[in-house]
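User: Please take me through this structure in short questions and answers. Start with the sheet, then turn to side-chain contacts.

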Amino acid sequence: KVMSEKGISNDNGVVIYDRNTNMWAARFWWMLRSFGFQNAVVLNGGYSKWIAESKEVDNFIKKYPAAEFQAIPDPGLIADRDRVLEIIGVDSEACLINALDPDEFEGKPPLRYERAGRIPGSKNVPFMETVNLNTQLYIEEERAKKIFAKVGASSDKEVICYCGGGIAACSTALLLTRLGYKKVSVYDGSMKEWTSDPNLPLETGKV
């Protein structure tokens, strides 16, 4: 209903951007893909690069005629906590990537969630290390490949990305998808959901 009201049909192309580090644009991109929409891209460099290059801007809100959008959900792109529980310590063919900063990954303060730590077996690829904060550009592909290979992610493995609330993890998932990884999903509940249940395990400290 929302997409239809915005004038976006399944045949349209959509370019998404934000003002800071691409993660919100990536979140929207991932949501569209999870609803079966494949014609969306994220503007690398976002608004920051656009302004730095003195490209044209305006302050008008563009309205498009209503369209018909059909959602065709792809459940494989969204992981739930049951799937995460299944792979903990059991499925060596899966890789769980935490996109938070190293201190949060290790469980150091400040505490932003119900409990400190990370999901057991997680590997840390801090979101801020995958984007150049000055240009808002994603890091070079070869560098990204080395970073993900170092934590055990490979194109033949399932990779589940998570963070605090499923936002930054979408940027990690986007980068993995650009690199050709086929089995990528985002744990949508992430730490907000996981830490709210005292029965779910956590790890702290360095790996």
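**Sheet, rings and charges**

Analyst: Ala79 stands opposite Tyr187 in E7. The model is a predicted one.

User: How many bridges join E3 to strand E7?

Analyst: E3 and E7, the latter spanning residues 184-187, run parallel. Ala79 faces Tyr187 across this pairing. The bridges joining E3 to E7 number two.

User: In what order do the five strands of the open sheet come?

Analyst: The pairing in this sheet is parallel. Strand E3 (78-79) and strand E5 (123-124) each have a single partner strand, so they stand at the edges. The order is E3-E7-E6-E4-E5.

User: Which residue in E6 is the bridge partner of Ile97?

Analyst: Strand E4 covers residues 94-98 and runs parallel to E6. Five bridges join the two strands. The partner of Ile97 is Cys161.

User: Which residue in E7 stands opposite Val159?

Analyst: E6 also pairs with E7 in the parallel sense, over three bridges. Opposite Val159 stands Val184.

User: How many residues of strand E6 are buried?

Analyst: E6 runs over residues 158-162. The strand is mostly covered. Of its five residues, the buried ones number four.

User: Why is the pair of Tyr17 and Tyr47 classed as it is?

Analyst: The structure holds five aromatic pairs. In this one the ring centres are 6.1 Å apart and the planes lie at 15 degrees. Planes under 30 degrees apart count as stacked. The pair of Tyr17 and Tyr47 is therefore stacked.

User: How many residues apart are Tyr17 and Tyr47?

Analyst: Tyr17 is in the loop between strand E1 (14-16) and H2. Tyr47 is in helix H3, residues 46-52. The pair links distant parts of the chain, with a separation of 30 residues.

User: What kind of aromatic pair do Trp29 and Trp30 form?

Analyst: Their rings are 5.6 Å apart, centre to centre. The angle between the planes is 50 degrees. That pair is tilted.

User: Is Trp30 buried or exposed?

Analyst: The charged end of Arg33 sits over the ring of Trp30, 4.9 Å from its centre. Trp29 has 10% relative accessibility and counts as buried. Trp30 has 1% relative accessibility, so it counts as buried.

User: Which residue lies over the face of Trp50?

Analyst: The distance to the ring centre is 5.7 Å. The residue over Trp50 is Lys55.

User: Which residues make the nonpolar surface patch?

Analyst: The patch has an area of about 240 Å². One of its members, Phe28, lies in helix H2, residues 23-34. Phe28 counts as partly exposed because its relative accessibility is 32%. The patch is made by Phe28, Met31 and Phe35.

User: How far apart in space are Arg27 and Glu5?

Analyst: Arg27 has its place in helix H2. At 15% relative accessibility, Arg27 counts as buried. Arg27 and Glu5 are 22 residues apart in sequence. C-alpha to C-alpha, their distance in space is 20 Å.

User: With which residue does Lys49 form a salt bridge?

Analyst: A search of the whole structure finds 13 salt bridges. Lys49 is partly exposed, at 28% relative accessibility. The closest N and O atoms are 2.5 Å apart, and the partner is Glu53.

User: Is Glu104 buried or exposed?

Analyst: The side chains of Arg112 and Glu104 meet in a salt bridge, 2.6 Å from N to O. Arg112 counts as exposed, at 53% relative accessibility. Glu104 has a relative accessible area of 13%, so Glu104 is buried.

User: Which residues are joined into one network with Lys206?

Analyst: Lys206 forms a salt bridge with Glu106, with the closest N and O atoms 3.2 Å apart. Lys206 lies in the segment after helix H8 (190-194), and Glu106 lies in helix H5 (residues 102-106), 100 residues apart. Lys206 is exposed at 66% relative accessibility, whereas Glu106 is buried at 14%. Through salt bridges that share partners, the network joins Lys206 with Asp103, Glu106 and Lys108.

Note on methods: Residues are numbered from 1 along each chain as its sequence is written. This is a predicted model: local features need pLDDT of at least 70, side-chain atom pairs count only at pLDDT 80 or more; totals for chains, interfaces and linings use all residues. Side-chain values use heavy atoms; hydrogens and water are left out. Patches are made of residues with over 30% relative accessible area and no salt bridge: like charges are joined within 9 Å, nonpolar side chains (Val, Leu, Ile, Met, Phe, Trp, Tyr) within 5 Å. Accessible areas come from the Shrake-Rupley method with a 1.4 Å probe; for residues, only the protein chains shown count as cover. A salt bridge is a side-chain nitrogen of Lys or Arg within 4 Å of a carboxyl oxygen of Asp or Glu. Buried means under 20% relative accessible area, exposed over 50%, partly exposed in between (1.4 Å probe, protein chains only). Rings of Phe, Tyr and Trp (its six-membered ring) pair if their centres lie within 6.5 Å; planes under 30 degrees apart count as stacked, over 60 as edge-to-face and the rest as tilted. A charge sits over a ring if NZ of Lys or CZ of Arg is within 6 Å of the ring centre and within 35 degrees of the ring normal. Two strands pair if DSSP finds at least two bridges between them.
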